[in-house]
Every structure is written in structure tokens, then in C-alpha cells.
Amino acid sequence: MKAKESESKTYLGIPLYRPKVAFFEFSSCEGCQLQIINNENTLLDFLSLVEVVNFREAMTEKSDDYEIAFVEGSITRNDEAERLKKIRKNAKILVALGSCACFGGVNQLKNRFNNIEWVKKQVYGKHPIDTAPVRALEEVVNVDLRIYGCPIKKEEVEKIVLHVVLGKSIDIPKYPVCMECKANENICLFDLGEPCLGPITRAGCDSWCPNNNAGCWGCRGPAEDANVGYMKKIMKEKGFSEKTILERLDCFGGFAQFPELKKKGKH
Amino acid sequence: MIFRIFEKKELKNLFEILAAHNKVVGPVEIGKDKQCNPIYAFTEVSDFNSIKLDYTTTKLPAKRYFLPFHEDLSTFRIKDNNWQKTIDYNADRPLIFFGLHPCDINALNKLDKVLLHSVFPMPYYVAKRKNMFIIGIDCVPQPFCFCRSMGSDTALHGFDMFITNLGTRYFVEILTDTAYNFLKNIKTEEPKEKDHILYMKSAAERNKKFTAKVDTTDLAKILDMEFQSDVWKQWGDKCLACGTCANVCPTCYCYGVEETVDINLKSARKTKMLHSCNLIDFAEVAGGHNFRPERHSRLKYRYYHKHRGFVEAFEESLCVGCGRCGESCLAGIKVPEVIASVRGGKKR
Ligand code: SF4
Ligand code: SF4
Ligand code: SF4
Ligand code: SF4
Ligand code: SF4
């Protein structure tokens, strides 16, 4: 998978700097990394822009000499935190890849429970393991760039990497999913009686779920000016239960900072 | 203006003639909502029977056919240190609109003022606008329609022909020679005095059906006076800043432009994307400063553009009263209510 320096690309005659990148994963399903290697049509182009020195899902060699670290997953154990700090030291740019890395992802659901021992017993029974409350990467180290999504949208990663290489600014949408959903001319799920977090969730997925007739679960976290309070009220008025609403808002951890979600479960 | 009248079954013949060589866009049913009401949309049609001429309204206007949500303004082929630019107005063939309501025709007329008759016309719009044939059709006012308040309940120009349902026959107004020539292919008659009376009766019946209203008296002035009103904050607290109101609006034309390079570095493009003044990204400028970081100020400016700024520039508002924005807004923010609250008609 390593390409030689001579294969460095040029853009309008100007040679492009080819950064060394590494991929790492913590507690996650590794689905985000899979997304990247899944894109067969553009994978070779993508790989010719960067020099991958570390990618467990696709190669066996390893190196600590990298400039950009893409880190997937959340931090659930103390040894993970130590490993992340080391990565931070090595990398010039640390990218949180996917919702687990950005805000804990599905893993953080267990944080809803006040008693971690109870959680351990429920999940692992007689075979307890070392597990602490889930933390997003930024709760442990500084994060330079966030790529949202569960999973991430490969086109977005490619665009971000390309912009890093070309020195172009990286603009990810601040507006919510509805914007993309309308452009895709979907029937609004609320018209069909289904819940959707599209109005408060950051766009960038090209309204992936509504395109497939499923309401948004907020995997990309809040849009920049998300009106979570009023959205909750709207959903209630439309007949959705508190449970349905909280289940969605809670699912990926992106909305954890909103006062509407501070309430915790009974354990 | 020339008037004719023809039997309803002749409309199908007209459709066949038009559809034989052209792309036809018409209102069709795309599903049912949870109350089992049909949901309509404008799409390309090849079968006359799939067109629902008695449609209430469509969720989205026909805007994407003349202002697409995304449109490449130019594309670039890159080779070594050179590039070749291609500009395409994306109007490769004429489009026939089969059944636009007066509000949507008036929306086009308003867009024309900015995008066609202005000092700097937008060629991408002009190319499409000049390449369309429009058949207007009368409608039954819905509870959310306030087009009459906005002077958009009838269309005086901006179409080729306009048909009105008179029971067993259609009464047709002909505005262009293209329409006149097409109509030569079907059986039409000169309307008689009794047909005129039928037409006027049907128009009067329709007028009675308008329920939603907006008081536009002195509105531009009142908006100026009430710039600091608390009501803006109250509506802003509800707004989700989702941009849906602009996306479903037949007259919103704001856009952003993005330049992207394809990952193979062999091509690039400049793409226009429709935007909305309610979005937080809208008023952000280079360097990160945002002129309207608060939802209520953005929502307010949407109303100021529609009902004040545009009125000052063109002596008419940039709203045709189609009611789409209010119907699609999950927060229930509707133009008649917002305007009434600014006028003090609603208890605050
Ligand atoms: S389906 Fe969801 S994302 Fe789409 S318009 Fe409706 S609320 Fe917005
Ligand atoms: S629609 Fe919502 S849940 Fe689905 S991919 Fe997009 S942000 Fe995630
Ligand atoms: S007014 Fe309604 S549709 Fe418009 S941005 Fe606000 S919530 Fe969305
Ligand atoms: S502002 Fe609303 S009512 Fe007015 S034209 Fe636009 S969508 Fe229709
Ligand atoms: S400023 Fe707002 S209201 Fe005016 S055209 Fe643009 S999006 Fe529509």
C-alpha cells in the first residue's frame, strides 16, 4: 500500500505535499475506517494523496512517523487514554474520525447510568472488564478536526483530506440535515407521522436516512445553531413520547451538552 | 389576449402533441400523508393520466427546473499546469409546464425582475426561463393560501396559455403565438357570451373561498417601525433555522458558490447551491464574523427581504402567498401570523 515519493501528485503543475497519515481505533466498530477502504472507485486516488503508514484494517506495517492521525472510537479504558496521548504527541494534526471519536457515539449510552458497576454487571455478568465512563477524544486530548457521522461519509473524508493537501479551507456545513433533505426532494417524515432529528442535526451526510425513508437519529451531532429545546416541544406536540425523543437525542452522544438531556436514567 | 374554449377530452390530445417531442413537467401524486391526504410534486410526466390537474398544492415548487438546488456553473478539465473551462447553462431542451397555479406563475414573474430584467441577468436562469412553455391552470384556494392578499391570485402574464375549468369544458386564455399554434391541433371554439358569464361566475366562486389573509397596508413602513419589536424574538425562539421555508418557497433565490476539485485532480467544478437566510452559515463572512448570529435576526431579515426590501426595489413583495413555507415549517411559523403579530394584531 505504500507508494513511492516519486508518485507524488501535482495540481496545476505544482507538486503537492504528501502527508504521512496513520489510522487508529479505540472503542468502536471500526465501521468508519471501513468506509474509507470501501470506496473502491476512488481509493487509489485517495491513497496517492497521502502516505499511509499505519492502518490496521488494510496493512501490516506500522510506524510512529506520521503527521496526520485519524482516530476512530471513544475512550473507555485508562490504557486507551494513555495510548491516545502518545498519538497526540506524534501527530501534527489529530482528526477525530466518526461520532464515537467526536462525542462518544453509541458507546456513551452507558454514561446515562449513574452506577458504572451496575452497568458492568448487566453487560458483562460474571466476566467483568476494566471499563470507565466513555469519553470523546477531546475530553482527553486536543482535537484539531472533527469528521462527524456514524458511520462517516467517505465523500466527506476524501474532500477534507483533499483540502488539507491542497491547502484549501475546510468548510463543513453548520446548517441542519433538512437543508439536504429538501434538496433531495424527500417527503418529510413528519408528514408520514415519523420522528426525525433532521432539523437540529448537522448536515453533511446528504440526508442519508431520510433518503431511505428513515428519520434522522442525529448521528452527526447538533447543527451549529440547533434549537433542541423547541424541537423537543414540536415532537411532543406531534405526539411522540418523551422516551422516543430522548432515545434519539441520546443515541450518539452529540446532544449531551444540551440542558434538555442532562436528566439521567434511574440507575 | 385571445380566448377559446374546448371540451375537456381535448386536453389529452394537446398533451400528446406536446409530449411527443418535448419534456413535460406536471403535478403528480407521490404519496399520502398520515391523514391520507395526497402529497403532490412536480415531476416529468409521459402519461397524461398521471397528471393530477386538480392538485391542491405541491410541497416543493417547480423551482428546481429553473433554479436547481445544486447546479454546476462551470467545470474544469485540468491537464498539467493548464485547464479548460466549460460553461453550460444546463438548458438543453425546452420544458413544458403542464398545470401551474397562478401563484407559481407570479413567482416566476417576480424572479424575472431580479434574474432576467436586472442589470446583471443570471444566464443560467434566463436560458431556462426563455426555454419554457407554461400552461397555467386555475385552482381551488386552500386554507393556507393568501395569494389574494399578495395580488398573486390571478396571473396576467408570464405564461403561454391559461386554462380554467368550467365543468365539462376548459376556458383558455392565449398569450403567445406558440400556444396559439399548438392549439390549432385540437378542437377549440370561440367562447360565446354565456361562456363568459360561466367564466366570471367560476372566478367569483373561487374568490369566495379565500380564507387566509395578510394585511399589506403600509406593511413596508410598519416593518421599518417595528424593527426592534419583541415579536421577532418570540418567533426566533421557535425557529429551527432549518432553511425549509426558503427551500419550499417559489421565489427564494439566494445561493452560495463552492469550488471543488475532484479527488483524481483531473477535474474541478464551481457549484451553486441554493441557500436560505435562516441558516447560521448565511450571514457568515470570510474570517468567521457572522452578521446575524441569532435566529430571530435571521428570521426577521427573511421577512424584511420579502415584504420590505423587495417592495422598495420593485413596488411589490417577494411573496406570492402560496403558503408553502408555513405548511412545511415544523415550528408552525406562518406568514399571516407573523405579519399580524408585527402589526400588533395578536396579543403579545
Ligand atoms: S424528513 Fe427530517 S430531515 Fe427531512 S425535512 Fe423532514 S425533518 Fe427535515
Ligand atoms: S440522517 Fe441523521 S442519523 Fe442518518 S446519517 Fe445523516 S445525520 Fe446520521
Ligand atoms: S421559519 Fe420554520 S421552516 Fe423556516 S427556518 Fe425557521 S423553522 Fe425552518
Ligand atoms: S414566503 Fe411562503 S407564502 Fe410567500 S411565496 Fe414564499 S413559500 Fe409562498
Ligand atoms: S434573503 Fe431569504 S427570503 Fe430573501 S430570497 Fe434569500 S433566502 Fe429568500
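How many nonpolar, polar and charged residues are in the shell around ligand 2? I found seven nonpolar, two polar and one charged. My classes: Ala, Val, Leu, Ile, Met, Phe, Trp, Tyr, Cys and Pro are nonpolar, Asp, Glu, Lys and Arg charged, and the others, Gly among them, polar.

Before going on, I note that this is a predicted model, with pLDDT of at least 70 needed for local features and 80 or more for side-chain atom pairs, while totals for chains, interfaces and linings use all residues. Residues count from 1 along each chain as written, chains are lettered from A and ligands numbered from 1 in written order, and side-chain values use heavy atoms, without hydrogens and water.

**Ligand 2.** I listed its surroundings (a heavy atom within 4 Å). Among them are A:Cys205, A:Cys209, A:Cys216 and A:Cys219.

**Ligand 4.** This shell has seven nonpolar, two polar and three charged residues. I noted B:Cys249, B:Cys319, B:Cys322 and B:Cys325 among its members, as well as B:Arg302, B:Lys306 and B:Arg324. Helices H9 (295-314) and H10 (324-328) of chain B each give two or more residues. Helices are DSSP runs of H or I, at least four residues, and strands are E runs of at least two, numbered from the N terminus.

**Strand S11 of chain B.** Why is S11(B), residues 267-274, largely enclosed? Six of its eight residues are buried (under 20% relative accessible area, 1.4 Å probe, protein chains only).

I then checked its pairing (at least two DSSP bridges). S4(B), residues 70-79, runs antiparallel to S11(B) over seven bridges. There B:Glu71 faces B:Lys272. S10(B), residues 255-261, also pairs antiparallel with S11(B), through seven bridges. B:Tyr255 bridges to B:Leu274. The S10(B)–S11(B) hairpin has five residues between the strands, and B:Leu265 takes a positive phi near 60°.

Terms used: Buried < 20%, exposed > 50% of the residue type's maximum accessible area, 1.4 Å probe, protein only.
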